[in-house]
Amino acid sequence: MTAVTPATPETTAPPTGFDTVIRRGRWFDGAGSPSAIRDLGIIDGVVTAISEDPLPVAEHTEVIDAEGAWVMPGMVDIHTHYDVEVLEGPGLAESVRHGVTTIFLGSCSLSTVHVDPVDAGDLFGRVEAIPRQHVIDAVGRHKSWRDARGYVAALERLPLGPHLAAFLGHSDMRTATMGLDRATRDEVRPTPVEQARMEQMLTEALDAGFIGMSSQQLLFDKLDGEVCRSRTLPSTYAKARELRRLNAILRTRGRVLQSGPDITNPGNILSQVLSSAAVGRKQLKVSLLSAADIKANPAVIRIMGPLAAMANKLGGDFRWQHLPVPFEVYADGIDLVIFEEFGSGAAALHLADQVARNELLRDESYRRTFRKDYDAKFGPRVWHRDFFDAEIVECPDAALIGKSFGQVGKERGGLHPVDAFLDLVLEHGTDLRWRTTISNHRPEMLKRMAAEPAIQMGFSDAGAHLRNMAFYNMGLRLLRHVHDAAQAGRPFLSLEQAVHRLTGELADWYDLDAGHLRIGSRADVVIVDPAALDDRLDEYHESRVEQYGGLSRMVNRNEAAVRAVLISGRTVVENGEPTELLGRERTGVFLRAGRPTPPVTAEARRSVADR
């Protein structure tokens, strides 16, 4: 989709007056153009005026005072796992309240387009730390669709808060076509009929407006359930021929492959980067997980830019995904995905029964293996494996709070950090809560990555790992980083560039009608108070997820930072809090790749409300 040239600002008021006027804010267009103090006028969900002079208002006009604030396009979150939550909580308030107005579904090879409810539970439950039974129940209650087009129609029958776009998950296709057991056996290949069916599924999804396909080669994402428990995701079992045929469809259609490489195999990483290259074939747009400044291997981040540049010089269109904030994770006991990357950790997480798991954690031979895995400091890995860099934040024994497991080991007679950790897990179970930062810990490196052209701002994982992480406000935190650097006289991006990176740059690359705030644009707007971009953005909070049985999840709260969010011209957040409108009346649409998308009409809103 070709970006629209900014129109000349309009100052003439319509005969009936504007529905909404945003008054005297610093306006950003999402394309990186110079910002300026402007009034914005909105009619029927569309920006119809951007004026240097004050716009007139009618009696019915909603006036939003944006003086001293930034008025920018709603942000785009390119990597979430809201596929289940959206079915029963379509407002997706935890992202919208932070200025996100466009959300991508279907990441990491996982989607709910084709699989049945039980298979969906097995795919999402352990990998994304979403309670398996709630996945099964939600998909079972809502699934009325049989294909991609029906899936889109079902989403648009919901009172969507934000706009949605979607990848079709490769594991979803493989499971629905081959069955979960056959799809997760290394010796099994899809039959010609099964291969053709997957290709048909992908073609139908692209016809329905999907942005592409997501696949996964990372080997520590494990299945839940009983039948195939602890096998890796179906996508990881696909061989080169299967992937080439699916990628060929994406190349032909100009759509995107999102993928995660096998980080233990440098050859696989290089192969996925170079799959974008247009050498004797069409280019493939590739978005790969992820550019991270990993504590365990600090040199890796320095080769990511050159790798991307090599692919793009060969005619590719390659991007890394990147979380632009420190990757801090929390855990209850041993329940954390980073333990899946080595044998002894995965063995513990394989055991769903707590009694059996505790017996394993007591076993001395098991502990020897865990210590050996922990002490293996070389080789590709995500976790730094340093229990001295792991702080206890909650525990029935209050004397332990604020200490690391390494410290506790020393105080208990010089115990190995692994034994100190396992002892505390056995003593306190999931009442033992701790945290560590595994990557993106160096501010100067975060600045370099934020300015790297081959890196996309994303990878929030919103909607997943509910007890482990909260990056819903990552866009606001990037804006704070940029603003603080400019205030200190050490800028690394202009504010206009930072807004562009979070909005129009992403929408344009994925070929979506979003991310811009110009005359004729759909009125998806966030109004940010720069004075409130402070340490409150980093504070720890929890909130109950009613559709997951009241599970308490980590969230972000920074009410003062976001004065308002508008989607399709309607105010869905005020002073950081969702309005009654969000999730009750439809404001969002499914954005079809390559097609313009008008705002939600009053008729469509009434149709949803009538249900």
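Predicted model: local features only at pLDDT ≥ 70, side-chain atom pairs only at ≥ 80, totals over all residues.

Residues are numbered from 1 along each chain as its sequence is written, and side-chain values use heavy atoms, with hydrogens and water left out.

Now the parallel sheet. Eight strands make up an open sheet, in the order β6-β7-β8-β9-β10-β11-β12-β16, and the pairing is parallel. Strands here are DSSP runs of E, at least two residues, numbered from the N terminus, and two of them pair if DSSP finds at least two bridges between them. At the edges sit β6 (75-77) and β16 (455-457), each pairing on one side only. From one strand to the next the twist averages 30°; axes are lines fitted to C-alpha atoms, and angles run from 0 to 180 degrees between N-to-C directions. Within this sheet, β11 (residues 285-288) and β12 (residues 317-322) are joined by four bridges, and Leu 288 is opposite Trp 320 in β12.

Next, strand β5. β5 (residues 70-73) pairs with β1 (residues 20-27) in the parallel sense over two bridges, with Trp 27 opposite Val 71. β5 also pairs with β17 (residues 525-528), here antiparallel and over four bridges; Trp 70 has Val 528 as its bridge partner.

Last, an open sheet of three strands, antiparallel, in the order β13-β15-β14. Its edge strands are β13 (327-332) and β14 (391-394), and the twist averages 35° from one strand to the next. Three bridges join β14 to β15 (residues 433-439), where Glu 394 partners Arg 433.
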